[in-house]
Amino acid sequence: MSIGCAGAVLGYLQRKRASTYLPVDPRGGHVFRVALYEMFSLRHTMLVNADTLASLQVIEPRVAGSAPTTGPTKSKEAPLSIHALFHVHAKSPQGKSRLRQAFLRPSLDVDHINSRLDFVSVLIRSENQQARQELSKCLGKIKDMRNTTTLLRKGIERGKQQPNAFKGSVWLALWEFCRHSIAVAESLHGVIGADRLCLWSRAVGVLDRGSLQKISEMVHETVDFDGSAEAQRTVINCDIYPRLDELKRKHDKLDEVLTETAREIDRSLGLNIELNVIYLPHLGYHISIPVDPNTHEPEINWRALDWEQMFTADSRVYFKDATMRVLDEDIGDIYANICDYEIEIAHDLAQKVLEHEKFLIEASDICGELDCNLAFVHSAYEHRLTRPKIIEHNVINIEKGRHLLQEKSVPSFVPNDTFILGGGGEDEHAPVGPSMLLLTGPNYSGKSVYQKQVALAVYMAHIGSFVPAESATIGITDKIFTRLTTRETVSKVQSAFMIDMQQIAMALNSCTRKSLIVIDEFGKGTDTCDGAGLAAGVFLHLLSLNTQAPKALVATHFHEIFETNLFGTLKNISFAHMEVRVENADERVTEQQSRVSYLYNLQLGCSDLSYGTQCAAMNGIPEEVVERALDLSRRARRGEDLVSQCSALTVSEAAELEAAEVAAELFLDQNFDQQMTENELQALLDAMIEPASNATEELDI
């Protein structure tokens, strides 16, 4: 969106220059010129697009109008993203928000990355296991003070999520935040070896236990939490305001006063009816008389008593007399007065709390940062992750790397190594090695998973996370572009092939020597010759950049591009394939299928076999289709003409054709001019068909 807005500004300047100056006027270039164009908002942040996030399953997209995903469900299904694996360990609202921000903003700042890695390295130690569990437990009980202070400024005592429960009150959230933040501060001192951590030092400095205790006592001494939960509103403690305490005592004795007043009125009237005196907030005191079900009138002659009828409700009539008016004057609307006083006291308390607003927000933010980093710690411990080494050199060196999501859905996962070196630029001392790893070989062998696990390791390292590998050295990577999946949708007018072209165009036009490009089976959506040519052209272009070449992981099934020795003289490319063991390759498909073993082990060198027919058989393609495909594949490798082979008749088709010829010849030899009955004609036709049927049966035998 920012780039689009910048483009609109540039377009406006271009139109303004064209309307003000002639094309040959040099003044136009000086007046309407762009002095500096820089993506400052993305400085020190890795550039990734939506296709990359979706292809690598980094984070779930948020759909408008839907609640954000909170991580994997309780079912046994595999999680949908890497973020979901980490999200379950973030306990506080601000921690979850900070974690999502970390996943969407991978950093290019080595110091920032190492700061988070240092935190994870210290907290993951076995001697700090209890401390980190206590920290997470305390952080899970605090709320975001940014929302709380906003509600306090607005004079709102609870959010919209819990409109009828004091559990969502700002006072309870504030009190629990102070109480549990103190526990967090105390737990931080129990972390062994954390005194050198930047985040630990900031957290200890911000979480001032004296200030937190002061705010906690201020709230707890003023607000009656038990009474507030029962009344579903803010109730003030006793001994805060004498006039309020007096009103509450009167309100507590109000039932006795009203009962005694009702008895006196009943005795003065001498009537045996159900007479009550009740208090209605904001309406005052009333005499309640039942209505006669037959006449629908009050059971007494109220007009003779100088009473004033106020209203009728629930088969009762409510009146006021001189006694009720005296009660209105002497006692008044006691409940409303109590509420008014409590609102004023709560407002004064809010103003006192807001004096510490900056401190509360800083404490809340540091708790969110702690919670976010603890999610990285818990995830590293749970998924057996290893700290990567972040360097400035343009290298990816991973030993025994894994794919976190894939290994959750398979019984065992085979780790693999990776070594790629991007262009060294102007650095003459930069290490030398392949900038492109080109994968070939069978379908269903794990090439796509391998590509994704390498890109995910790079991405996770840049967000400050440990990576799924035995060891990893990862150079700073400024961009990750992928051509892995085609995200088709009816909202786009482009075809699948056009979407692929756009993904590749963005990668080629935007990549630098520090970028990582992942391409899987590019060119498969068009003619085979055109697709192979496009794929070879893209690969050669990336390799031709030499010192400016990006790191590239590509996979292809266009084996014909290797027949012309296109890459023979290039030294910055490495070839690999996923190992597959096949026995008795010349036997029938059904036998061969049972002898194919996918080892998922990366091996150096090219492989010109795809084993597509075996993959088709394993995934439910009918056996006769697979056998026919294998037969045509063998004929094609022998150089036979597939057009003539596909147009040749099968045995059954030849038998049907011969039977038709026999029937046609018999039919043409007959004379149908003579008069015949229907039965005679039927017998004649049967006689024509019978020799043809016999000929077909003989051929079948």
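Me: In this predicted model, a salt bridge means a side-chain nitrogen of Lys or Arg within 4 Å of a carboxyl oxygen of Asp or Glu; with that in mind, how far apart are the closest N and O atoms of Lys514 and Glu392?

Reply: Lys514 brings the nitrogen and Glu392 the carboxyl oxygen, and the two form a salt bridge. Lys514 lies in the loop between α19 and β11, while Glu392 lies in the loop between β5 and β6, so the pair ties together parts that are 122 residues apart in sequence. At 49% relative accessibility, Glu392 counts as partly exposed. The closest N and O atoms of this pair are separated by 3.7 Å.

Me: Which helix holds both Glu246 and Lys250?

Reply: Glu246 and Lys250 form a salt bridge, with their closest N and O atoms 3.9 Å apart. Both residues count as partly exposed, Glu246 at 33% relative accessibility and Lys250 at 37%. They are four residues apart, about one turn of the helix, and the helix that holds them both is α13.

Me: How many residues apart in sequence are the parts tied together by Lys248 and Glu342?

Reply: The side chains of Lys248 and Glu342 meet in a salt bridge with an N to O distance of 3.2 Å. Lys248 lies in helix α13 and Glu342 in helix α16, which covers residues 334-354, so the pair ties together parts whose separation in sequence is 94 residues.

Me: Is Glu342 buried or exposed?

Reply: A residue counts as buried when its relative accessible area is under 20%. Lys248, the partner of Glu342 in a salt bridge, has 14% relative accessibility and therefore falls under that cut-off. Glu342 has a relative accessibility of 2%, so Glu342 counts as buried.

Me: Which helix contains Glu665, a member of the negative surface patch?

Reply: The negative surface patch is formed by Glu658, Glu661, Glu665 and Asp669. Glu665 has a relative accessible area of 52%, and because exposed means over 50%, this residue is exposed. The helix that contains Glu665 runs over residues 651-669 and is α25.

Me: What is the area of the nonpolar surface patch that includes Tyr444?

Reply: Tyr444 is placed in the loop between β8 and α18, and at 45% relative accessibility this residue counts as partly exposed. Together with Val414, Tyr600 and Met618, Tyr444 makes a nonpolar surface patch of about 340 Å².

Me: How far apart are the end C-alpha atoms of residues 515-531?

Reply: In an unreviewed entry, UniProt lists these residues for "domain: DNA mismatch repair proteins mutS family". The span is 24% helix and 29% strand, and the distance between its end C-alpha atoms is 24 Å.

How values were computed
Residues numbered from 1 in each chain as written. Predicted model: local features only at pLDDT ≥ 70, side-chain atom pairs only at ≥ 80, totals over all residues. Heavy atoms only, no water. UniProt positions renumbered as here; feature names shortened; annotations may be inferred. Helix = DSSP H or I, 4+ residues; strand = E, 2+ residues; numbered from the N terminus. Patch = residues over 30% accessible without salt bridge, like charges linked within 9 Å, V, L, I, M, F, W, Y side chains within 5 Å. Areas by Shrake-Rupley, 256 points an atom, 1.4 Å probe, with all protein chains shown as cover. Lys, Arg positive; Asp, Glu negative; His and termini not counted. Charge placed at Lys NZ, Arg CZ, Asp CG, Glu CD. Buried < 20%, exposed > 50% of the residue type's maximum accessible area, 1.4 Å probe, protein only.
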